[in-house]
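Hi,

Here is the structure I said I would pass on.

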Amino acid sequence: MHDIRHKVMATLQGEGVGVTQAAAQELVHDISIYDAQAHMGSAALDCVLTEKSFICQKEGIALTCMADGSMLRFVADEDVYAPFSLLIDAGCAAASTFPAKDAKALSLTTRRQGSLAAIHLMGSCTPEADMALQEAAGQLSTLIKRYGGTATAAAEGSSFSIDILFPLEQS
């Protein structure tokens, strides 16, 4: 989709096409919607990541994600959507404390760590974000408590991390 987007933009800007710059940009934006859809192995995770990637993009925050959604197959969709939504919202709020001229970034990973699901979000922030991050970690702990999970948050210098761990269902 990345290559298609650039090819369409180049074609629309060619001589004799008669399309305004604004119309060309709108078409490229519409194409990028298909490019931004997440495919992580969990419909609920795909939904929240696609939604939040658009919000991050609008806020000037680069969101990268490497997630194995298939390990969340035993978790109800609403129990995937709510914590990931809260997690990324907290990350966006923390990253938004960074001055606009500096790079704002979030990196989300999920992976199996032994018999645990490990979810890790890190990003840029200012020290003022620490209190809000701790509050988000408390809310996340409440959301994942039914799965025996925990959530912690830490801010140090110009970066933060939020970690969630919970046991994977045993077959």
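Salt bridges first: taking one to be a side-chain nitrogen of Lys or Arg within 4 Å of a carboxyl oxygen of Asp or Glu, the count comes to two. Bear in mind that this is a predicted model, so local features need pLDDT of at least 70 and side-chain atom pairs count only at pLDDT 80 or more, while totals for chains, interfaces and linings use all residues. Residues are numbered from 1 along each chain as its sequence is written, and side-chain values use heavy atoms, with hydrogens and water left out.

One of the two joins the side chains of K52 and D89, at 2.6 Å from N to O. That pair links distant parts of the chain, with K52 in helix α3 (residues 43-59) and D89 in helix α4 (residues 77-95), 37 residues apart. Helices here are DSSP runs of H or I with at least four residues, strands are runs of E with at least two, and both are numbered from the N terminus. K52 counts as buried at 5% relative accessibility, whereas D89 is partly exposed at 35%. For those words, buried means under 20% relative accessible area, exposed over 50%, and partly exposed in between (1.4 Å probe, protein chains only).

The side chains of D79 and R146 also meet in a salt bridge, at 3.3 Å from N to O. This one links distant parts of the chain too: D79 is in helix α4, and R146 sits in the loop between α5 (130-144) and β4 (150-156), 67 residues apart. D79 is buried, with a relative accessible area of 12%, but R146 is exposed at 63%.

Back in helix α3, you'll also find T50, which is buried at 14% relative accessible area. A polar atom of the T50 side chain lies 2.8 Å from the backbone oxygen of D46.

Now the strands, where a pair needs at least two bridges found by DSSP. β1 (residues 62-66) pairs with β2 (residues 105-113) in the parallel sense, over five bridges, and C65 stands opposite L108 in β2. On to the next pairing: β2 and β3 (residues 116-124) run antiparallel and are joined by eight bridges. R111 has A118 in β3 as its bridge partner. The hairpin of β2 and β3 has two residues between the strands, and G114 there takes a positive phi near 65 degrees.

That's what I have for now.

Cheers

Key
A polar contact is a pair of N or O atoms within 3.5 Å; within protein, one must be able to donate a hydrogen and the other to accept it, and residues adjacent in sequence count only if both atoms are side-chain atoms.
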